[in-house]
Each structure stands twice: as structure tokens, then as C-alpha cells.
Amino acid sequence: MRLDGKTAFITGGAQGIGLATAKAFVTEGARVAIADINGDRAAQEAVGLGSDKAIGVSLDVGDGAAVKAAIDQAANHFGRLDILVAGAAVMTPGVSIEDLEEDDWDAAIRVNLKGAFLVAKHGIGHLRKSGKGSIILIASQMGRVAWAGSTAYCTTKGGLLQMAKGIALDHVSDGIRANTLSPGGTATDRLSIKFGDMDTAEREWGPKHPMGRLGRVEEIAAGAVYLASDESSFMTGTDLLLDGGYSAW
Ligand SMILES: NC(=O)c1ccc[n+]([C@@H]2O[C@H](COP(=O)([O-])OP(=O)(O)OC[C@H]3O[C@@H](n4cnc5c(N)ncnc54)[C@H](O)[C@@H]3O)[C@@H](O)[C@H]2O)c1
């Protein structure tokens with residue numbers, strides 16, 4: 001098993017890509033803390049994975065004190081921490097920057113960007129104690145290309161690419177690696193909401209990818225397993241792009 005004995009703290013873990021990552025990590029032998037603002041669902045999913053394998057944590061990633069407390073709780077529970085996954089993100093209204101409300105801009109920065117900063121900030125000490133570690137920030141192909149009406153979201157995802165590089169350089173001597181994982185359009189509730197339903201999302205958004213379809217959460221989680229495991233031991237400060245060719249057009 002590729003993550004045998006390791007433990008992970010995963011934000012946005014109650015559904016979608018975060019949940020698929022939690023499941024894949026457990027399958028590979030890890031124990032996981034599923035942290036999410038939807039604490040009930042995080043707890044429910046943790047029970048499904050098994051009380052010896054997972055705990056659910058209720059957490060708003062924009063709240064620094066809460067992030068520190070949740071990460072400390074997970075590290076105490078498992079006795080160590082090896083992997084951090086910052087996956088929580090909000091959606092922004094599909095409008096131009098001129099029409100975007102300041103509150104919506106602030107929410108995107110607070111959750112998508114500051115949330116990742118706080119997870120890294122409060123998790124690094126635990127990873128250092130473990131002797132090494134892997135930090136995975138979930139970005140997006142929208143960190144490299146843009147989409148009309150999504151400037152705030154794209155800005156946060158582009159920022160994560162730079163954040164991972166900075167963390168990688170600052171903590172290479174601690175044995176800590178930091179990378180982004182950038183999915184293309186992936187079949188989750190996020191896209192059902194954005195397009196009205198999943199069939200419409202697949203029909204309208206799938207063909208924007210050269211592979212002609214949306215990604216599956218398991219395909220993205222497989223990338224997270226690679227970044228978390230020692231198989232990626234020579235990889236830090238870069239981006240793993242899993243986008244069905246979206247940004248190759
Ligand atoms: N689905 C896609 O097409 C796609 C594409 C590229 C990148 N991504 C990125 O992948 C990640 C996961 O995407 P997804 O589609 O699974 O998303 P999703 O919307 O299904 O899940 C996001 C999770 O984050 C949680 N969350 C939101 N705000 C939070 C907060 N303040 N504190 C803690 N948790 C919070 C939600 O409750 C939810 O469980 C996100 O970072 C997203 O931007 C997704």
C-alpha cells in the first residue's frame with residue numbers, strides 16, 4: 001500500500017474530489033481527517049470509512065484559530081501528520097469583474113486562497129515533526145487559462161500555483177514537498193449546480209476538453225495519491241495538471 005502508516009488532513013473532504021481523495025488515501029493504507037464546513041457530512045463520511053481509519057472535523061478554512069485547532073486535533077488523534085490537502089473552495093457568480101460584488105471577491109480569496117495558506121501554516125510544524133511530508137493544494141486548469149465571468153476564481157487558482165512554489169522553497173530543507181494538483185472539469189456537485197444538472201454539464205462542458213468528457217473524481221484522486229506518496233519524491237514546487245487536455249488547445 002502506497003500510503004501505509006501515513007495520516008492526512010483534507011479540507012473540502014465531505015464531497016466531490018476531496019472525498020474521493022480521502023477514500024483513495026484510506027484504500028492505500030492512510031488514516032484521514034475529513035475537514036469541511038459541512039461538519040455533519042464530514043462526520044458521516046468518516047463513519048463510512050471506519051472509525052479506525054477516519055475522523056470528521058467541522059471547519060471553516062477561513063478561520064485561522066479553527067484551522068489550527070482542527071489540525072492539532074487531527075495530529076493528536078493520529079499521533080502524527082504526513083499529508084495536507086487543501087481542497088475547500090467556493091464558487092463565484094458568473095459575472096465580469098465590473099459586476100462582481102466585493103463580498104463575492106472576498107469570499108473567494110478567504111476560502112480558496114487564505115484557506116490553503118492557513119492549512120499550510122498550521123500543518124507544516126506537524127509534518128516537520130514527522131520528518132517529511134507532502135502538501136497538496138487543489139488548484140485548477142483555471143490557474144493557467146481563464147474563463148469569462150470567473151476572474152475571482154481563476155485569480156485564486158493561479159495564486160495557489162505560486163503559493164505551492166513558495167512553500168516548496170521555504171521548506172525543502174524540512175523534507176516537506178508542496179505541489180498543486182489541477183483538475184480540469186470534473187463531475188461533482190459543483191458542476192451540477194453551475195450547469196443545472198450533470199447531464200447538461202457533461203454535454204456542454206465535456207467537449208471543451210480534447211478528451212471530449214469531464215474527469216471523474218477517482219482520476220483526480222489518483223493524482224493526489226501520487227503526490228502524497230513517495231513515488232513523487234523528486235517533485236516539489238510544481239503543478240500536476242489532470243485536465244483531459246483542456247489547456248493544450
Ligand atoms: N469539479 C471541478 O470541475 C473542478 C475543476 C478544477 C478544480 N476544482 C477544484 O477542486 C476542489 C474540489 O472541487 P469539487 O468539485 O469537489 O468541489 P465541491 O464544491 O463538490 O466540494 C467543495 C467542498 O468544500 C467545502 N467547503 C466550502 N467552503 C468551505 C469552507 N469555508 N471551509 C471548509 N470547507 C468548505 C464544501 O462544503 C464542499 O464539501 C476545489 O478546490 C475546486 O476548486 C474542481
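Me: Which residue takes a positive phi just after α4?
Reply: The model is a predicted one. In it, the position just after α4 has a phi of about 95°. The residue there is glycine 131.

Me: Where is the kink in α4 centred?
Reply: The helix α4 covers 102-130. It has a kink of about 40°.

Me: How far apart are the end C-alpha atoms of α4?
Reply: α4 has 29 residues, and at 1.5 Å a residue it should span 42 Å. The distance between its end C-alpha atoms agrees with that expectation. The value is 41 Å.

Me: Which element gives the largest share of the lining of the largest cavity?
Reply: A search of the whole structure finds one cavity of 30 Å³ or more, and about 50 Å³ of space lies in the largest cavity. Its lining includes Val111, Asn112, Gly115, Ala116 and Val119. The largest share is five residues, and it comes from α4.

Me: How many charged residues are in the lining of the largest cavity?
Reply: Among the residues that line the largest cavity are Thr11, Val61 and Ile138. By class, the lining divides into seven nonpolar and four polar residues. The number of charged residues is given as no charged.

Me: Which element gives the largest share of the lining of the largest pocket?
Reply: About 1,100 Å³ of space lies in the largest pocket. The elements that give two or more residues to its lining are β1, α1, β2, α4, α5 and α6. The largest share is six residues, from α6.

Me: How many residues in the lining of the largest pocket are charged?
Reply: The largest pocket is lined by 50 residues, and among those nearest its centre are Met91, Tyr153 and Arg190. By class, 25 of the lining residues are nonpolar and 18 are polar. The charged residues number seven.

Notes. Residues numbered from 1 in each chain as written. Predicted model: local features only at pLDDT ≥ 70, side-chain atom pairs only at ≥ 80, totals over all residues. Heavy atoms only, no water. 1 Å grid on protein atoms, 1.4 Å probe; cavity = no way out; pocket = protein on both sides within 12 Å on 5 of 7 lines; lining within 4 Å. Points joined across faces, edges and corners; volume = space filled by probe spheres on them. Helix = DSSP H or I, 4+ residues; strand = E, 2+ residues; numbered from the N terminus. Nonpolar A, V, L, I, M, F, W, Y, C, P; charged D, E, K, R; others polar. Expected span 1.5 Å × (residues − 1). Bend = angle between axes of the 7 residues up to and from the residue.
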